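Me: I would like to learn how to read a few features of a structure. Could we go through them one at a time?

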Amino acid sequence: QELGEKKVRRVRWRKIGVEGHEIQELMGAKNSLLSGMIDASLIEVSESTFEDVKRFLTSVQYGLKSITASGVLVPFDSPVSHNMNLVAIPLRRTKA
């Protein structure tokens, strides 16, 4: 079910851990992502899923960030050589 159908107005944080099915999960959340309803998503990506995840997120105006050891979010666009957690956040903020 779409979040809008459940009358959810905003999702502040969500974790995506779907073992290689990130694109399917993101496509299911496409309308919520496009509306800016989701503030941040923690996504585990692998070498085999990173490029597709990055391409999809760019298409819905989200960018990927990594979390430094001190907890700061920094832009991430490097190749992935192992599983890692990245944060997807909107490139622009929409009013909800």
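Predicted model: local features only at pLDDT ≥ 70, side-chain atom pairs only at ≥ 80, totals over all residues.

Me: Which strand is joined to β3 by 3 bridges?
Reply: That is β4 (residues 73-75), and the two run antiparallel. Here Ser 66 stands opposite Val 74. β3 and β4 form a hairpin with 5 residues between them. In the turn, Gly 71 has a positive phi of about 90 degrees.

Me: How many salt bridges does the count come to?
Reply: Side chains of opposite charge can pair when their charged atoms come close. In this model the count comes to 6 salt bridges. One of them joins the side chains of Glu 25 and Arg 14, at 2.7 Å from N to O. The pair links distant parts of the chain, 11 residues apart: Glu 25 is in helix α1 (residues 22-28) and Arg 14 in strand β1 (residues 14-16).

Me: Is Arg 14 buried or exposed?
Reply: Relative accessible area decides this, with buried meaning under 20%. Arg 14 has 15%, so it counts as buried. Glu 25, with 24%, is partly exposed.

Me: Where do Arg 55 and Asp 52 lie?
Reply: Both are in helix α3, 3 residues apart, which is about one turn of the helix. Arg 55 is exposed, at 51% relative accessible area, while Asp 52 is partly exposed at 39%.

Me: Which residue forms a salt bridge with Lys 54?
Reply: Asp 77 does, with the closest N and O atoms 2.8 Å apart. Lys 54 belongs to helix α3 and Asp 77 to the loop between β4 and β5, so this pair ties together parts that are 23 residues apart in sequence. Lys 54 is partly exposed at 23%, and Asp 77 is exposed at 55%. Elsewhere, salt bridges that share partners join Arg 10, Arg 12 and Asp 39 into one network.

Me: What is Thr 49 in contact with, leaving aside its neighbours within four places in sequence?
Reply: Thr 49 is in contact with Gly 20 and Glu 22. Thr 49 lies in the loop between β2 (41-45) and α3 (50-59), and is buried, at 10% relative accessible area. A polar atom of the Thr 49 side chain lies 2.9 Å from the backbone nitrogen of Ser 46.

Definitions and conventions:
Residues numbered from 1 in each chain as written. Heavy atoms only, no water. Helix = DSSP H or I, 4+ residues; strand = E, 2+ residues; numbered from the N terminus. Buried < 20%, exposed > 50% of the residue type's maximum accessible area, 1.4 Å probe, protein only. Polar contact = N/O pair within 3.5 Å; in protein donor to acceptor, adjacent residues only side chain to side chain. Contact = heavy atoms within 4.5 Å. Pairing = 2+ DSSP bridges. Salt bridge = Lys/Arg side-chain N within 4 Å of Asp/Glu carboxyl O.
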